[in-house]
Amino acid sequence: MARYGMVIDTTKCIGCGACRLACQNQNDLLSSMPFVKFSEVETGVYPTASLQVVPSQCMHCEDAPCQAVCPTGATYTNEDGIVCIDHGRCIGCKYCMAACPYQARVVDERTGAVDKCRFCTVSALNGTEMSTCVTACPAGVRVFGDLDDPDSEVSKVLAATHATPLLGDATKSKIFYVR
Amino acid sequence: MSFEPVWGAPIAWYLFLAGLGGGAFITSAFLRWKHPEAHGMRFAGHIIAPVVVIIGLFLLMFDAEAGLHNPLRFALLLHNPCSVMTWGVVFLAAFVIIALITLLLDCLKKQVPVWLEIAGSVFAVCVGAYTGALLGVCQTFPLWNNALLPILFLVSAVSTGMSSVLLVGGLKFPKEFDSVGVLKKFHYCFPIIELVLVASLCFITSYNSVAGFESVMSLVCGNWAVLFWLGFIVVGLVAPTAVETWLLFISKPGFEETPKAHYIGAAADAGVLIGGFLLRFLIVVAALPVALV
């Protein structure tokens, strides 16, 4: 059993969108259903203004509001702490989408079911390949791994950068941001 | 990141129709208690209650596309007892069953047991309040995530339910309509209470967060302002209240019982129904999520 999580270093992000493209390719997604979304934050004033690009996705919250409201049990957390969707149980009521503070969920127009970032569990568990959003990033923004393993790269980066979740401890998110 | 409302008009119609059905059932129970002679209007309420709720449930199922393609999945709706939607399914199922039994007994000219009407009214209140709680538990949207919403939706539910029964009464059963004074006075109060609740909701929400402020601003002076002020506030609340004030307290004695007054009253009731739908629609589409970054 692991407790998978990710660190996203927005100070390195150039906003190229490679992570989203790789994700859509790997997960066979329509262009209308991005699992990775981008927010832009402007800070400062000219001539010292700066633009920060913040990629966001399912935060695999330990206190997941989507799972709390899902009436059919389609959303569940697996033993590795990854919030999953059983598409065979989803009725497409979109209650989870309304409950998710990160707006991380999208409707798959082909099935009407709701979908979101899967932390690409299969490849991660095989140990063969990381989630492609991690490997496709040209700037090394993303680090993925087991938060419970102190020797994992993600734990080391987390300890070194003191990265924090986007909304504090509101939902016990397992994605941490360097801002 | 741009934001698209999660739900749209079908869900707004569902929230409206569920409340309307519950309100119509409560109105019928009220008529039995205070105006037992108004059989026609009671029967009208008993027809409206299950019919509109069932139409609303079909809308809900059409909106839930993955379930529509695989209807057996709807059986899973009772899986999570912590979900407000699961409570809603229980309340709606109990209410529709009771409302249909009541209608059947009415059609067979059999006396509806008092306990059944009381149980139906309790579930009707649950349905009305649940529609507000369904949205209310979503912390993402400050316009929804407050304790006022279930009360506002319940008040609107009873108000629209009474309006629907009075509308049919005024046009189909004018004699009965003229005799239900207590119902009319209760009905008169609801849009006024609703106005206070909406003002409170807007005022408090605009202070609780940026997203709350922007949601309220989109209603009062933004994208939705025309629909909010003209459709909901004027047509749905103020005009019906003004018309009812005139009919109940100002117009000449006897005028209230003329066909002309019935048509004017029916227009006011139709206004309340339009306002009831617009309330749900505006609350659903105007809610903005809390900022992520």
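How much space lies in the second largest pocket? In this predicted model, local features need pLDDT of at least 70 and side-chain atom pairs count only at pLDDT 80 or more, while totals for chains, interfaces and linings use all residues. Side-chain values use heavy atoms, with hydrogens and water left out, residues are numbered from 1 along each chain as its sequence is written, and chains are lettered from A and ligands numbered from 1 in the order in which they are written.

Rolling a probe the size of a water molecule over the atoms shows where empty space is left. A pocket is an open set of points on a 1 Å grid over the protein atoms alone, where a 1.4 Å probe fits, with protein on both sides within 12 Å along at least five of seven lines, and its lining residues have an atom within 4 Å of a point. Grid points are joined across faces, edges and corners, and a volume is the space filled by probe spheres set on the points. The second largest pocket holds about 440 Å³ of space. It is lined by 18 residues, of which Leu57(B), Leu60(B), Met61(B), Leu77(B) and Val89(B) are the closest to its centre. Two or more lining residues come from each of helix 1 (9-34), helix 2 (39-63), helix 4 (84-107) and helix 5 (114-136) of chain B, where helices (H or I, at least four residues) and strands (E, at least two) are DSSP runs numbered from the N terminus. By class, this lining has 17 nonpolar residues, no polar residues and 1 charged residue; Ala, Val, Leu, Ile, Met, Phe, Trp, Tyr, Cys and Pro count as nonpolar, Asp, Glu, Lys and Arg as charged, and the others, Gly among them, as polar.

The largest pocket contains about 560 Å³ of space. Among its 22 lining residues, those closest to the centre are Lys37(A), Met97(A), Arg105(A), Val106(A) and Glu4(B). Strand 2 (37-43) and strand 6 (106-107) of chain A each contribute at least two residues to the lining of the largest pocket, which divides into 10 nonpolar, 4 polar and 8 charged residues.

A pair of aromatic rings is described by the distance of the centres and the angle of the planes. Rings of Phe, Tyr and Trp (its six-membered ring) pair if their centres lie within 6.5 Å, and planes under 30 degrees apart count as stacked, over 60 as edge-to-face and the rest as tilted. Over all chains, 19 aromatic pairs are found. The ring centres of Phe16(B) and Phe277(B) are 6.1 Å apart and their planes stand at 75°, so this pair is edge-to-face. The pair links distant parts of the chain, since Phe16(B) is in helix 1 of chain B and Phe277(B) is in helix 11 (residues 259-286) of chain B, 261 residues apart. Phe16(B) is buried at 6% relative accessible area, and Phe277(B) is also buried at 14%, where buried means under 20% relative accessible area, exposed over 50% and partly exposed in between (1.4 Å probe, protein chains only). In the pair of Trp246(B) and Phe255(B), the centres are 5.3 Å apart and the planes are at 55°, so the pair is tilted; Trp246(B) is partly exposed, with a relative accessible area of 33%. Ring pairs also join Tyr95(A), Phe3(B), Trp7(B), Phe141(B) and Trp144(B) into a cluster.

A charge sits over a ring if NZ of Lys or CZ of Arg is within 6 Å of the ring centre and within 35 degrees of the ring normal. Lys34(B) lies over the face of Trp33(B), 4.8 Å from the ring centre, and the charged end of Arg280(B) sits over the ring of Phe153(B), 5.0 Å from its centre.

Cys19(A) is in no disulfide, the nearest cysteine sulfur being that of Cys16(A), 6.4 Å away. The sulfur of Cys58(A) lies 5.6 Å from the closest cysteine sulfur, in Cys117(A), which is too far for a bond.

Backbone features were examined in chain A. The peptide bond from Tyr46(A) to Pro47(A) is cis, with omega near 10°, and Pro47(A) lies in the loop between strand 2 and strand 3 (50-56) of chain A. Phe119(A), although not a glycine, has a positive phi of about 55°, and Phe119(A) is buried at 1% relative accessibility.

Methods: A disulfide is a pair of cysteine sulfur atoms within 2.5 Å.
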